[in-house]
Amino acid sequence: MKTLDMTKGVPLKLILQFAVPLFIGMLFQQAYNFADTMIVGQGLGEKAVAAVGVTASLYAVLLYFANGMNNGFGIMISRMFGSKDYAGLRKATATMVVLDGAVTIGLTAVVLPMVKLLLRWLDTPEDIFSQAYAYIFIILAGMAATIAYNMGAGFMRAVGNSRMPLYFLILSSGLNVSLDLLFVMKMKTGVAGAALATVIAQAVSAGLCFWYICRNYTEFLPKKEDWRLERELTKEMFSTGLSMGLMLSVFSLGSIVLQKGINNLGTQYITAYTASRKICGILQMPLAMLSNANATFAGQNFGAKQYGRIRQAMKQVIGIACLWSVISAFFGHAAGGFLIRLLIGEADPLVIDSAVLNLRVVTWFYIPLSILIVLRNAMQSMGYKISPVISSGIELAVKVLFCIVLIPGMDFYGVVITEPIIWVLCAVFLGAVYLISGNRRFS
């Protein structure tokens, strides 16, 4: 049985040991996203890229809420693993399965009938509306597969196994690209084929996760009596999950508001923003990897009441994240034009120039972004349920304000500067909360 007890040993070494498989997994995931966009762009044209891009923020707000809740459940499991409460861990696992199932059914039933209405609210251009609808409907209909994979992978990561989710993700990414080539390039199924390929690949990876867990973690699997949900545990897991879900979904809701502002600028700017965001996603992978690994470390050590280890790790992780941010800024500036053209081909010069501009500006603000995402994830693991949600609320409020005031007057330049300003504000807020309350909370 593969586990990693992060309550003993050198904190940074443990975090990096846990983080390397996460990084490789994110690399494959982003490579798939890059390949998926390239296949759609080269095979179907820039309007198809825009159609997929216009749905990204809508899908993110729903998926991030469900997966955020799932991450919150994983925090509870990591705490119990850290405190060696294996009986509680089994009960928490049963509770996670029940709550995840309820969230999946509820979201799917509520959202699917509203897809067209939501796309209209986003001011989706008519020339890409039908493609956007076909893509997002299939993706949302298959949401259960994505949530199931994240539930299985989240369980394994909570007990210190970040390798097996990586292996299953690599297999899933390879299958996804192969199905993209088959459906989009060979069978000419359009963006619907790309969406179907994603759902099938995610379902396969979810099945592999559950197969592995049932074979290798029998000690942690719920017994018959564990399925009788305890009120206090269910309440604590739901509140922790809801806090994480709201933090991520409110953050993503801000992205929907920003996407609405971009959609009003036209298809060219939608394509430019979509392309630059794909590359930004790749450059942000190490930041996400470090923050996720540190969150698992914080969760286990919080359960074991090893608060000094948490503070030590936070300083080291933020330092490494800031160093990567500087590297990303130089890389984005030097290679931005080449990467954009590689992604979407020789498109309209306005599309290319706008995408490069966005990429170069936002990467120079990755230092406050790195501080923000490390603090957000770790503070959730340390029992902060309100302040990370408030930081996401700040982000939403500023995006709404800027979409009303800034973007109409500055066009795409307003889009470019919106997120950097938000990252600075939210990083300052969470940093102040952590520094002021940390000594009192963890003394």
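The following legends accompany close-up views of a predicted model.

**Figure 1. A nonpolar patch lies on the surface of the predicted model.**
The patch is formed by Val 326, Phe 330, Trp 364, Phe 365, Ile 367, Val 424 and Val 428. Together these residues have about 620 Å² of accessible area. Helix H12 (307-344) and helix H16 (412-441) are the elements that contribute two or more residues to the patch. Trp 364, one of the patch residues, is located in the loop between helix H13 (349-363) and helix H14 (366-381). The relative accessible area of Trp 364 is 45%, so this residue is partly exposed.

**Figure 2. Helices H5 and H8 pack with their axes within 8 Å.**
Two packed helices are described by the angle between their axes and the distance between the axes. Helix H5 comprises residues 126-141, and helix H8 comprises residues 190-216. Their axes cross at roughly 15 degrees. H5 is therefore roughly parallel to H8, an angle under 35 degrees being counted in that class. The crossing in which H5 passes H8 is right-handed.

**Figure 3. Helices H11 and H14 pack with their axes 8 Å apart.**
The angle between H11 and H14 is about 25 degrees. The two helices are therefore roughly parallel to each other. H11 passes H14 in a right-handed crossing. Helix H11 spans residues 285-303, and helix H14 spans residues 366-381.

**Figure 4. A salt bridge joins Arg 90 and Asp 226.**
Eight salt bridges are found in a search of the whole structure, and the contact between the side chains of Arg 90 and Asp 226 is a salt bridge with an N to O distance of 3.7 Å. The pair links distant parts of the chain, the two residues being 136 residues apart. Arg 90 belongs to helix H3 (residues 86-111), whereas Asp 226 lies in the loop between H8 and helix H9 (231-263). Arg 90 has a relative accessible area of 16% and is therefore buried. Asp 226 also counts as buried, because its relative accessibility is 5%.

**Figure 5. Glu 230 and Lys 91 form a salt bridge between distant parts of the chain.**
The closest N and O atoms of Glu 230 and Lys 91 are 3.3 Å apart. Glu 230 lies in the loop between H8 and H9, while Lys 91 is part of helix H3. Glu 230 counts as partly exposed, with a relative accessibility of 38%. Lys 91 likewise counts as partly exposed, at 21% relative accessibility, a value to be read against the limit of 20%, under which a residue is called buried.

**Figure 6. The salt bridge between Glu 395 and Arg 376 belongs to a network.**
In this pair the closest N and O atoms are 3.2 Å apart. Glu 395 counts as buried because its relative accessibility is 1%. Arg 376 is also buried, with a relative accessible area of 6%. Salt bridges that share partners join Arg 277, Arg 376, Glu 395, Lys 399 and Glu 419 into one network.

**Figure 7. Lys 84 and Lys 305 have positive phi values.**
Most residues other than glycine have a negative phi. Lys 84, although not a glycine, has a positive phi of about 65 degrees. This residue is found in the loop between helix H2 (46-82) and H3, and counts as partly exposed at 40% relative accessibility. For Lys 305, phi is near 60 degrees, a positive value in a residue other than glycine. Lys 305 is located in the loop between helix H11 (285-303) and H12. With a relative accessibility of 60%, Lys 305 counts as exposed.

**Figure 8. Ala 35 is a buried residue of helix H1.**
Helix H1 consists of residues 11-44 and includes Ala 35. The relative accessibility of Ala 35 is 16%, and this residue therefore counts as buried. Ala 35 and Ile 15 are 20 residues apart in sequence. In space, the distance between Ala 35 and Ile 15 is 29 Å, C-alpha to C-alpha.

Technical notes:
Residues are numbered from 1 along each chain as its sequence is written. This is a predicted model: local features need pLDDT of at least 70, side-chain atom pairs count only at pLDDT 80 or more; totals for chains, interfaces and linings use all residues. Side-chain values use heavy atoms; hydrogens and water are left out. Patches are made of residues with over 30% relative accessible area and no salt bridge: like charges are joined within 9 Å, nonpolar side chains (Val, Leu, Ile, Met, Phe, Trp, Tyr) within 5 Å. Accessible areas come from the Shrake-Rupley method with a 1.4 Å probe; for residues, only the protein chains shown count as cover. A salt bridge is a side-chain nitrogen of Lys or Arg within 4 Å of a carboxyl oxygen of Asp or Glu. Helices (H or I, at least four residues) and strands (E, at least two) are DSSP runs, numbered from the N terminus. Buried means under 20% relative accessible area, exposed over 50%, partly exposed in between (1.4 Å probe, protein chains only). Axes are lines fitted to C-alpha atoms, for helices over the stretch in contact, and angles run from 0 to 180 degrees between N-to-C directions. Angles under 35 degrees count as roughly parallel, over 145 as roughly antiparallel, 65 to 115 as roughly perpendicular and the rest as oblique. A crossing is left-handed if the near helix is turned anticlockwise from the far one by less than a right angle, and right-handed if clockwise.
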